[in-house]
Amino acid sequence: MYRSPLPAFAALVAPIAILTPAAAHAQTPRELLTTAAFQTGSKARALDLVGQAILVSERTLASRPEDREATLQRAIAVGYRGKLTRSRSDVRASRDVFQKLAAQNPRDPEMQMAIAGWHLGAVDELGGFLARTALGARASTGKAALAKAVALGGNRAFFPGLAALLQIRNDPGDISLARQWAEAASKASAKSPSMH
């Protein structure tokens with residue numbers, strides 16, 4: 001099975017591109033991205049699925065330019081394409097959309113999680129210095145967004161659960177915070193992030 005060159009980004013794609021059962025209808029961008037991240041055997045197939053997710057999102061945006069879900073999924077897809085092709089412009093473009101959506105609704109935990117995953121994923125892939133100089137990614141920004149996502153997520157297991165995974169990946173030598181979030185996730189509601 002093909003693996004993403006950026007595990008933290010793939011870990012972000014799956015939960016944000018919520019796993020849904022196969023249906024008789026055309027696949028949504030979330031479904032396409034989940035398949036691209038975890039169910040493909042090659043980089044070429046992953047890129048094809050990412051391209052399809054972008055196309056489906058753009059069709060929606062052509063008729064509904066303010067559609068938040070389509071905007072988010074297109075940004076995730078462009079960022080994932082950037083990771084697969086090593087395109088800094090795609091990676092930065094995805095961050096810019098995440099920041100714009102977060103600015104429109106600063107209390108949206110899903111947007112904070114996207115920002116956290118973007119920053120922490122880049123640092124994980126490139127190291128702190130290169131991520132900062134090449135992309136403007138900072139571990140401190142990612143950690144702050146991660147904590148904010150958990151705080152804003154209320155009693156939903158998704159946010160502390162994913163935060164625990166990203167925290168362990170970011171700092172495997174200090175798992176106290178990750179453990180705290182994992183324990184919170186085990187006691188929280190399994191309701192998934194809202195789809196707008």
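Arg74 is partly exposed, as its relative accessible area is 29%, where buried denotes under 20% relative accessible area, exposed over 50% and partly exposed in between (1.4 Å probe, protein chains only). The model is predicted: local features require pLDDT of at least 70 and side-chain atom pairs pLDDT 80 or more, whereas totals for chains, interfaces and linings use all residues. Residues are numbered from 1 along each chain as its sequence is written, and side-chain values rest on heavy atoms, with hydrogens and water left out.

Arg74 and Glu58 are joined through their side chains by a salt bridge with an N to O distance of 2.8 Å; the criterion is a side-chain nitrogen of Lys or Arg within 4 Å of a carboxyl oxygen of Asp or Glu. Because Arg74 belongs to helix 4 (residues 68-85) and Glu58 to helix 3, this pair ties together parts 16 residues apart in sequence. Helices are DSSP runs (H or I, at least four residues), numbered from the N terminus. Glu58 is also partly exposed, at 34% relative accessibility. Within helix 3 (residues 43-63), Arg45 and Asp48 lie three residues apart, about one turn of the helix, and form a salt bridge whose closest N and O atoms are 2.8 Å apart. Twelve salt bridges are counted by this rule.

A further salt bridge connects Asp108 with Arg68, the closest N and O atoms being 2.8 Å apart. Asp108 is located in the loop between helix 5 (88-104) and helix 6, and Arg68 in helix 4, so the pair ties together parts that are 40 residues apart in sequence. Both Asp108 and Arg68 are buried. Together with Arg30, Glu69 and Glu110, Asp108 and Arg68 are linked in a network of salt bridges.

Asp108 also contributes at the start of helix 6, where one of its side-chain oxygens comes within 2.9 Å of the backbone nitrogen of Glu110. The 18 residues of helix 6 (residues 109-126) should span 26 Å at 1.5 Å a residue, in agreement with the 26 Å between its end C-alpha atoms; the expected span is 1.5 Å times one less than the number of residues. Of these 18 residues, 15 are buried. Helix 6 is followed by Gly127, whose phi is positive, near 90°.

Helix 8 (residues 139-152) comprises 14 residues and extends 20 Å from first to last C-alpha, close to the expected 20 Å. Its buried residues include Leu146 and Val150. The buried residues of helix 8 pack against helix 6, helix 9 (158-170) and helix 10 (176-187), contact being defined as heavy atoms within 4.5 Å.

Conventions. Helix = DSSP H or I, 4+ residues; strand = E, 2+ residues; numbered from the N terminus. Polar contact = N/O pair within 3.5 Å; in protein donor to acceptor, adjacent residues only side chain to side chain.
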